[in-house]
Amino acid sequence: MAERTLDGTGATPRSGVGSVVWYGRDISLPDLEGEVDPDAEAERFADAVETARDELEAEREATAERVGEDEAAVFDAHIQFLEDPTIEDAVETSIGDGADAANAVDAAFGEHIEQFEGMDGRMAERADDLRDVRDRLLRLLTDGERVDLGDLPEGSVVLAERLTPSDTAQLDPERVAGFATVTGGRTSHAAIFARSLALPAVVGVGDALETVTDGDEVVVDGDSGQVLVGPDDAEREAAATGAGAAIVERSVETTDGRHVEVAANVGRPAELDPAAERGADGVGLYRTEFLFLDREASPSEDEQYEAVREALDTFPDGRVVVRTLDIGGDKRIPYLDLPEEENPFLGERGIRRSLAPDSDLFATQLRALLRAGADGAGDLAIMFPLVATVEELDAALDALDAAAADLDDRDAAAADPEVGVMIETPSAVFMADELAARVDFLSIGTNDLTQYVMAADRENERVGDLHDPTHPGVLRAIHRTVRAAHAEDAWVGMCGEMAGDPDLTELLVGLGLDELSMSAVTIPEVKTAVSDTEYSTASERADRARLAATRSEVHLTLDS
Amino acid sequence: MTVERTVTIVPEAGLHARPASVFVQAVNDHDAEVSAGRPDGDLVQAASMIAVTSLGVGQGDDIKLVADGPDAEAVLDELERILTTPEAELDDG
């Protein structure tokens, strides 16, 4: 048993073990006693601002490259605060009154931090930004040694009061075994970041975390939300092996020889390498929305080509399933003039937009995909979202043919990719045989499918119980889709959250899915679960589960 | 030359977050001293992100802008454009 167990909120279903490195609480201000030279202090302040700006610009660049433009934008705000004339004036005044530069900076920021803290949510975030900038300047002015998060010894566990976006962007998952913070919740920036990089993390531990000291050995268990201080051998070993989830590099099959592809859902290029490192066979869902968000105009064909090419080159022996632009519903893009709709989830979204108002955008995207598929190392597959009718699929296939013809006119090489349809609407389930006859694969998007089959908004907590993909209604929809696809020699994948739950792997394999695609973080667990599954048994159990009348009957079957 | 203008704020977020950042950037890109504030209140430095966001002005509020310098007219035109453009359509110019 560990010496102490601290409770927090788990951010990722992973655990890691390592020795503690405390980050960012070593700033102590110089005493105000003694004479200071105002000119020298003013110069020290100016130098600190300049160095801080250089640091911020370098970190901005590194973050844009490693994580994304979106995350990098936070550094712009920091630079603006760093150069804020209000701060500069206040610091100059304090120095003129006899303060040293560090105390002047502390006072100048302190007043505004308090002011912002008292305001609503959005402004409270500004308080965090100001604190970040203040601490950076204070470190430079007090010669405080800052732990370099980008250069930690291997096996470090970072503990901090909180981790800002600029901090987390520097953490190298290769070296850092995990982190834990005093503050923060499951949806805090740090927690989201941990999930996308599959980093063990516990947030919101509270002041008890402060009792842990540098060099202590700890287990960070993101699954249970606990930090174990001084773990025993068994706990240490369990954490190091991630509870049996060693990374499986090879492709996996069931004990009776049925191959199941285990792939990653990828939302932006920075997630490609972590997915490959966690043993993904390929990419089962490459979302292309990142290319279109947070910008003023749609991306060029070349830009889209590069992004898809990067994914194909990351998986030279695998398949990358690229979903064409899927906006509408809860996803909006400023320069695409989406209509105000009474029921956006039942309105113009997914393929519906690509076929009509955004057909030019669609054509550009398809050309970029076909070119990338011809040049990239891996195998390209193209998938259309939210198809409800055969007419829509036919129109999308026509657009794909037209894109190939355009490239031919240009003498540009075009791939001949596998083509598939996402099964997200009840109509697509009922028409799965006709759809499958026209394509190479179907991929079940369980989040939207569950929402539409159960008529329950997944964001609405009042009907949260209904939004459960293990309801027999959803299981029968999945089964029907698989049966229809296999009858047409099409393969079937699943790319919703359900696919990444190792507790459901046996059920999904038993239902006949050929491919499961999920966030990188659970790939090792799911691969292990596939290897432990006997298909013949799983198939019988899946039949019993889908033929159940109620969800509790389904769960009895799964637990037996 | 000192010029003055009062503008009603359109962006949903008021003068917070991104609109404030674009606003301050525009001030810094011009050769003029600009101050801003509520029509009946004290004016603050428009080149300060802290000062501007602290005004706490929201959508539908009036804001008074005073500019002094060679770019005075130009900067007020640009600031008026920023303050009257919905956030979704705002570009960084």
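Analyst: The side chains of Asp135(A) and Arg134(A) meet in a salt bridge, with 3.1 Å from N to O. This is a predicted model, in which local features need pLDDT of at least 70, side-chain atom pairs count only at pLDDT 80 or more, and totals for chains, interfaces and linings use all residues. Side-chain values use heavy atoms, with hydrogens and water left out, residues are numbered from 1 along each chain as its sequence is written, and chains are lettered from A and ligands numbered from 1 in the order in which they are written.

User: What makes the pair of Asp135(A) and Arg134(A) a salt bridge?
Analyst: A salt bridge is a side-chain nitrogen of Lys or Arg within 4 Å of a carboxyl oxygen of Asp or Glu, and the N to O value for Asp135(A) and Arg134(A) is 3.1 Å, so the pair qualifies.

User: Why is Arg134(A) called buried, and what is Asp135(A) called?
Analyst: Buried means under 20% relative accessible area, exposed over 50%, and partly exposed in between (1.4 Å probe, protein chains only). Arg134(A) has 17% and therefore counts as buried, whereas Asp135(A), with 26%, is partly exposed.

User: How do you know that Glu271(A) is buried?
Analyst: Its relative accessible area is 16%, so Glu271(A) falls in the buried class. Its salt-bridge partner Arg268(A), at 3.5 Å from N to O, is also buried, with 18%.
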